[in-house]
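Please look through the sequence and the structure below before reading on, and keep both in view while you work through the briefing.

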Amino acid sequence: MIEYRIRRGDTLPKLSAKFGVPVCMIVRANEKVFHEKAFRIGTLLRIPEIDFCSRTDKNGCLAKESDTIYSLAERLGTSMHALMQENGMREPSELRAGMWIRSAKKTDGFVHTVRAGENLFTLAEKYHMTIQEIMEENRITGDVYPGMQLHIPKRKS
(Lines give C-alpha, C1' and ligand atoms only; values in the text may rest on other atoms or scores of the structure.)
Protein backbone atom coordinates (compact mmCIF):
# COMPACT_ATOMS: atom_id res chain seq x y z
CA MET A 1 0.00 0.00 0.00
CA ILE A 2 1.09 3.52 -0.79
CA GLU A 3 0.33 6.21 1.78
CA TYR A 4 -0.89 9.48 0.29
CA ARG A 5 -2.00 12.67 2.01
CA ILE A 6 -4.94 14.43 0.33
CA ARG A 7 -4.02 17.79 -1.23
CA ARG A 8 -6.07 20.72 -2.51
CA GLY A 9 -7.79 19.79 -5.77
CA ASP A 10 -7.64 16.02 -5.22
CA THR A 11 -10.71 14.02 -6.22
CA LEU A 12 -11.23 10.29 -6.38
CA PRO A 13 -11.17 10.22 -10.21
CA LYS A 14 -7.92 12.25 -10.23
CA LEU A 15 -6.31 9.93 -7.66
CA SER A 16 -7.55 6.92 -9.63
CA ALA A 17 -5.85 8.22 -12.78
CA LYS A 18 -2.70 9.33 -10.92
CA PHE A 19 -2.11 5.94 -9.28
CA GLY A 20 -3.76 3.77 -11.96
CA VAL A 21 -6.13 2.20 -9.44
CA PRO A 22 -9.92 2.00 -9.83
CA VAL A 23 -11.90 4.38 -7.60
CA CYS A 24 -13.67 1.43 -5.95
CA MET A 25 -10.30 0.00 -4.78
CA ILE A 26 -9.30 3.33 -3.19
CA VAL A 27 -12.67 3.49 -1.43
CA ARG A 28 -12.40 -0.15 -0.23
CA ALA A 29 -8.90 0.44 1.13
CA ASN A 30 -10.13 3.53 3.02
CA GLU A 31 -13.63 2.55 4.14
CA LYS A 32 -13.28 4.29 7.48
CA VAL A 33 -12.33 7.59 5.82
CA PHE A 34 -15.35 7.46 3.54
CA HIS A 35 -17.71 6.14 6.20
CA GLU A 36 -16.80 9.07 8.43
CA LYS A 37 -16.94 11.48 5.46
CA ALA A 38 -13.34 12.50 6.19
CA PHE A 39 -12.13 12.96 2.60
CA ARG A 40 -10.48 16.33 3.03
CA ILE A 41 -7.11 18.04 2.73
CA GLY A 42 -4.56 16.43 5.03
CA THR A 43 -6.34 13.08 5.44
CA LEU A 44 -4.02 10.11 4.94
CA LEU A 45 -5.24 7.58 2.36
CA ARG A 46 -3.95 4.10 1.66
CA ILE A 47 -3.65 3.55 -2.09
CA PRO A 48 -3.55 -0.12 -3.10
CA GLU A 49 -0.76 -1.09 -5.45
CA ILE A 50 -1.96 -2.96 -8.49
CA ASP A 51 -0.28 -4.97 -11.20
CA PHE A 52 -1.78 -3.71 -14.45
CA CYS A 53 -1.33 -7.07 -16.09
CA SER A 54 -3.76 -8.47 -13.53
CA ARG A 55 -6.21 -5.70 -14.45
CA THR A 56 -6.51 -7.12 -17.95
CA ASP A 57 -9.11 -9.77 -18.51
CA LYS A 58 -11.19 -11.09 -21.39
CA ASN A 59 -13.61 -8.17 -21.00
CA GLY A 60 -11.01 -5.38 -21.12
CA CYS A 61 -8.41 -3.55 -19.07
CA LEU A 62 -7.74 -0.46 -17.01
CA ALA A 63 -5.74 2.16 -18.96
CA LYS A 64 -2.67 3.54 -17.23
CA GLU A 65 -0.83 6.82 -17.86
CA SER A 66 1.69 5.32 -20.31
CA ASP A 67 -0.90 3.39 -22.37
CA THR A 68 -1.82 4.25 -25.94
CA ILE A 69 -4.64 2.88 -28.07
CA TYR A 70 -1.96 0.92 -29.95
CA SER A 71 -0.45 -0.65 -26.79
CA LEU A 72 -3.91 -1.55 -25.47
CA ALA A 73 -4.94 -3.06 -28.81
CA GLU A 74 -1.79 -5.20 -28.75
CA ARG A 75 -2.39 -6.23 -25.12
CA LEU A 76 -6.01 -7.16 -25.86
CA GLY A 77 -5.26 -8.83 -29.20
CA THR A 78 -7.38 -6.57 -31.37
CA SER A 79 -7.00 -3.65 -33.75
CA MET A 80 -6.82 0.01 -32.77
CA HIS A 81 -9.84 0.79 -34.93
CA ALA A 82 -11.98 -1.96 -33.38
CA LEU A 83 -10.92 -0.94 -29.85
CA MET A 84 -11.77 2.71 -30.46
CA GLN A 85 -15.16 1.80 -31.94
CA GLU A 86 -15.96 -0.57 -29.06
CA ASN A 87 -15.23 2.25 -26.60
CA GLY A 88 -16.96 5.06 -28.50
CA MET A 89 -13.76 6.97 -29.30
CA ARG A 90 -13.29 9.05 -32.43
CA GLU A 91 -9.63 9.90 -31.77
CA PRO A 92 -6.84 8.02 -29.94
CA SER A 93 -6.28 11.18 -27.86
CA GLU A 94 -9.58 10.52 -26.06
CA LEU A 95 -7.88 7.75 -24.04
CA ARG A 96 -7.34 8.70 -20.37
CA ALA A 97 -5.57 6.92 -17.53
CA GLY A 98 -8.03 5.17 -15.25
CA MET A 99 -10.54 4.43 -18.03
CA TRP A 100 -11.88 0.89 -18.26
CA ILE A 101 -11.35 -0.14 -21.87
CA ARG A 102 -13.76 -2.79 -23.13
CA SER A 103 -12.13 -5.44 -25.25
CA ALA A 104 -13.05 -5.72 -28.89
CA LYS A 105 -11.13 -8.97 -29.09
CA LYS A 106 -12.06 -11.35 -31.82
CA THR A 107 -10.71 -14.81 -31.11
CA ASP A 108 -11.47 -16.37 -34.46
CA GLY A 109 -8.72 -14.87 -36.61
CA PHE A 110 -5.79 -12.47 -36.47
CA VAL A 111 -4.87 -8.80 -36.82
CA HIS A 112 -3.33 -7.57 -40.09
CA THR A 113 -1.47 -4.23 -40.14
CA VAL A 114 -1.98 -2.54 -43.51
CA ARG A 115 1.26 -1.81 -45.39
CA ALA A 116 2.01 0.81 -48.04
CA GLY A 117 0.50 -0.23 -51.37
CA GLU A 118 -2.23 -2.39 -49.83
CA ASN A 119 -5.89 -1.55 -50.28
CA LEU A 120 -9.21 -3.28 -49.69
CA PHE A 121 -9.06 -5.02 -53.07
CA THR A 122 -5.56 -6.49 -52.55
CA LEU A 123 -6.41 -7.55 -48.99
CA ALA A 124 -9.66 -9.18 -50.11
CA GLU A 125 -7.73 -11.16 -52.72
CA LYS A 126 -4.95 -12.08 -50.28
CA TYR A 127 -7.35 -13.40 -47.63
CA HIS A 128 -9.99 -14.84 -49.99
CA MET A 129 -12.69 -12.47 -48.78
CA THR A 130 -14.86 -9.83 -50.35
CA ILE A 131 -14.20 -6.13 -49.81
CA GLN A 132 -17.60 -5.92 -48.13
CA GLU A 133 -16.69 -8.72 -45.66
CA ILE A 134 -13.51 -6.89 -44.60
CA MET A 135 -15.40 -3.61 -44.22
CA GLU A 136 -18.22 -5.19 -42.18
CA GLU A 137 -15.84 -7.19 -39.98
CA ASN A 138 -13.90 -4.03 -39.09
CA ARG A 139 -16.82 -1.60 -39.15
CA ILE A 140 -15.12 0.71 -41.63
CA THR A 141 -16.78 2.82 -44.32
CA GLY A 142 -13.78 4.09 -46.29
CA ASP A 143 -10.52 2.76 -47.67
CA VAL A 144 -7.62 1.52 -45.54
CA TYR A 145 -4.29 3.26 -44.94
CA PRO A 146 -0.78 2.12 -43.94
CA GLY A 147 -0.59 1.31 -40.23
CA MET A 148 -4.33 0.63 -39.91
CA GLN A 149 -5.06 -2.65 -38.14
CA LEU A 150 -7.75 -4.96 -39.46
CA HIS A 151 -9.23 -8.10 -37.97
CA ILE A 152 -9.15 -10.94 -40.47
CA PRO A 153 -11.46 -13.75 -39.40
CA LYS A 154 -10.50 -17.39 -39.71
CA ARG A 155 -12.12 -18.85 -42.80
CA LYS A 156 -14.81 -21.44 -42.19
CA SER A 157 -13.91 -24.81 -43.74
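Once neighbours within four places in sequence are left aside, A29 is in contact with M1, R46 and P48. This residue belongs to helix α2, which covers residues 23–29, and A29 is buried, because its relative accessible area of 10% lies under the 20% cut-off. A29 and I47 stand 18 residues apart in sequence, while their C-alpha atoms are 6.9 Å apart in space. Everything described here comes from a predicted model.

**Overall build**

- The protein contains seven helices and seven strands, and, when it is read along the sequence, these elements follow the pattern β-α-α-α-β-β-β-α-α-β-β-α-α-β.
- Along its principal axes, the C-alpha trace of the protein spans about 65 × 30 × 20 Å.
- The radius of gyration of the protein is 20 Å, whereas a compact globule of 157 residues would have a value near 15 Å.
- Of the 157 residues in the protein, 39% count as buried.
- The protein exposes about 9800 Å², and carbon and sulfur atoms supply 52% of that area.

**Salt bridges**

- How many salt bridges does the count come to? The count comes to three, where a salt bridge requires a side-chain nitrogen of Lys or Arg within 4 Å of a carboxyl oxygen of Asp or Glu.
- In one of these salt bridges the side chains of R75 and D67 meet, with 2.7 Å from N to O; R75 is partly exposed at a relative accessible area of 31%, whereas D67 is buried at 11%.
- Another salt bridge joins the side chains of R102 and E86, with 3.7 Å from N to O. This pair links distant parts of the chain, since R102 lies in strand β5 (residues 100–102) and E86 lies in helix α5 (residues 80–86), 16 residues apart.
- Both partners of that pair have a computed accessibility: R102 counts as partly exposed at 39% relative accessibility, and E86 counts as partly exposed at 26%.
- E118 forms a salt bridge with R115, and the closest N and O atoms of the two are 3.5 Å apart; E118 counts as buried, at 17% relative accessibility.

**Helix α4 and the residue after it**

- Which residues of helix α4 (residues 69–76) are buried? They are I69, L72, A73 and L76.
- Helix α4 is followed by G77, and the phi of G77 is positive, near 70 degrees.

**A positive phi at H128**

- Most residues other than glycine have a negative phi.
- H128 is a residue other than glycine with a positive phi, near 55 degrees.
- Where is H128 found? H128 is found in the loop between α6 (120–126) and α7 (131–138).
- Is H128 buried or exposed? H128 is exposed, because its relative accessible area of 63% is over the 50% cut-off.

Key:
Residues are numbered from 1 along each chain as its sequence is written. This is a predicted model: local features need pLDDT of at least 70, side-chain atom pairs count only at pLDDT 80 or more; totals for chains, interfaces and linings use all residues. Side-chain values use heavy atoms; hydrogens and water are left out. Buried means under 20% relative accessible area, exposed over 50%, partly exposed in between (1.4 Å probe, protein chains only). Helices (H or I, at least four residues) and strands (E, at least two) are DSSP runs, numbered from the N terminus. The radius of gyration is taken over C-alpha atoms; the globule rule is 2.2 Å times the number of residues to the power 0.38. Accessible areas come from the Shrake-Rupley method with a 1.4 Å probe; for residues, only the protein chains shown count as cover. Contact means heavy atoms within 4.5 Å.
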